[in-house]
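User: Hi! Could you walk me through this structure?

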Amino acid sequence: MKCTKGGNFSKGELQRFGNIELNPSAGVLNYGQGLFEGLKAYRKEDGNLLLFRPEENAMRMIMGAERMCMPSPTIDQFVDAVKATVLANKRWVPPPGKGSLYIRPLLMGSGAVLGLAPAPEYTFLIYVSPVGNYFKEGVAPIHLIVENELHRATPGGTGGVKTIGNYAAVLKAQSAAKARGFSDVLYLDCVHKKYLEEVSSCNIFVVKGNSISTPAIKGTILPGITRKSIIDVARSQGFQVEERPVTVDELLDADEVFCTGTAVVVSPVGSITYKGKRVSYGEEGFGAVAQQLYSVLTKLQMGLIEDKMNWTVELS
Ligand code: PMP
């Protein structure tokens with residue numbers, strides 16, 4: 001789908017997967033004018049497919065487009081395009097319990113622009129790929145290192161939207177962490193260097209007793225759709241959930257820690273390394289809270305329990 005600056009997106013069309021042509025001075029290549037989304041389709045036992053809250057991804061893209069000076073498809077255009085792409089690729093959706101189809105909507109400044117300015121033309125496209133688990137550990141506990149020097153986002157920056165540059169910003173710390181055997185990096189706020197932000201591609205939750213805390217959304221972390229859903233699921237299961245500043249000291253003193261995201265679903269954290277000290281939270285498997293929330297969320301996403309919240313969209 002294409003759109004000129006200040007215009008509306010045209011009706012899209014399905015195309016075979018392949019390379020796309022871009023002008024070397026396209027806004028996305030030179031000035032990072034790009035945004036993406038990520039969601040999944042699961043196959044049910046009856047063969048039908050389920051999307052999870054696709055209108056939330058549409059709304060997040062609209063919010064991000066505003067920050068990046070880009071036009072955006074409407075919620076209906078976004079969701080219809082996701083449905084059409086998934087149905088056209090139905091054969092690639094793994095059987096129940098064997099993974100999912102990852103859906104990647106991408107919005108970019110595709111028009112040519114030489115001096116720094118928003119691009120004159122935009123392209124919205126969607127591609128898909130079957131996926132299994134995100135971390136090599138599967139749903140076994142992951143091991144995080146807290147980063148003290150590098151930051152992924154600053155106040156007033158673009159950390160709260162899903163723009164491509166946020167991911168370039170984490171590559172260095174993430175590669176270094178992986179080379180040392182960690183699964184991923186946990187970032188701290190760049191002002192006080194003591195409040196938790198998020199992991200390179202997921203949000204973080206800290207459990208102490210019956211209380212679950214997660215960093216509040218304040219412009220420097222991504223408002224995860226899994227995060228929002230897990231907060232609702234946890235409250236419906238009787239947990240007390242707080243969205244607030246969470247310190248690294250609370251993290252190190254937690255009973256349980258877990259991450260949430262479309263790709264990682266709910267992943268238990270087995271250990272955190274901070275300033276050379278390693279704190280372990282049960283490296284065997286899920287903690288009790290993460291296990292309970294994982295179980296409810298994945299059953300909902302796969303259509304195995306009643307969807308009282310109306311979160312899933314069924315495609316046949
Ligand atoms: N934070 C970051 C930086 C991410 O890339 C993601 C994945 N989209 C998340 C959090 C989790 O968001 P969601 O639950 O919407 O996938």
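Predicted model: local features only at pLDDT ≥ 70, side-chain atom pairs only at ≥ 80, totals over all residues.

User: Great. Which residues touch the most other members of the largest nonpolar core?

Analyst: Those are Ala41, Val185, Val257 and Leu293, in a core of 77 residues.

User: And which helix gives the most to this core?

Analyst: Helix α7, residues 288–301, gives the most, contributing six residues. Both domain 1 (2–131) and domain 2 (142–301) supply at least three residues each to this core.

User: Back to Ala41. What is it in contact with, leaving aside neighbours within four places in sequence?

Analyst: Ala41 contacts Leu49, Leu50 and Leu51, then Val86 and Val93, and also Ser100, Leu101 and Ile103.

User: Switching to strands: how many residues of β8 are buried?

Analyst: Four of the five residues in β8 (184–188) are buried, so by the cut-off each of those four has 20 or more other C-beta atoms within 10 Å of its own.

User: Does β8 run parallel or antiparallel to β7?

Analyst: Parallel, with four bridges joining β8 to β7 (residues 142–147). Within that pairing, Val146 sits opposite Leu186 of β8.

User: What do β7, helix α4 and β8 make together?

Analyst: With α4 spanning residues 164–179, they make a right-handed β-α-β unit.

User: And how does β8 run relative to β9?

Analyst: β8 and β9 (residues 196–199) are antiparallel and joined by two bridges. Here Leu186 stands opposite Val199 in β9.

Methods
Residues numbered from 1 in each chain as written. Core = buried A, V, L, I, M, F, W, Y, C linked by C-beta atoms within 7 Å. Buried ≥ 20, exposed ≤ 12 C-beta atoms within 10 Å, placed from the backbone. Domains from an automatic or database assignment. Contact = placed C-beta atoms within 7 Å. Pairing = 2+ DSSP bridges. Right-handed = clockwise from strand over helix to strand, strands pointing away.
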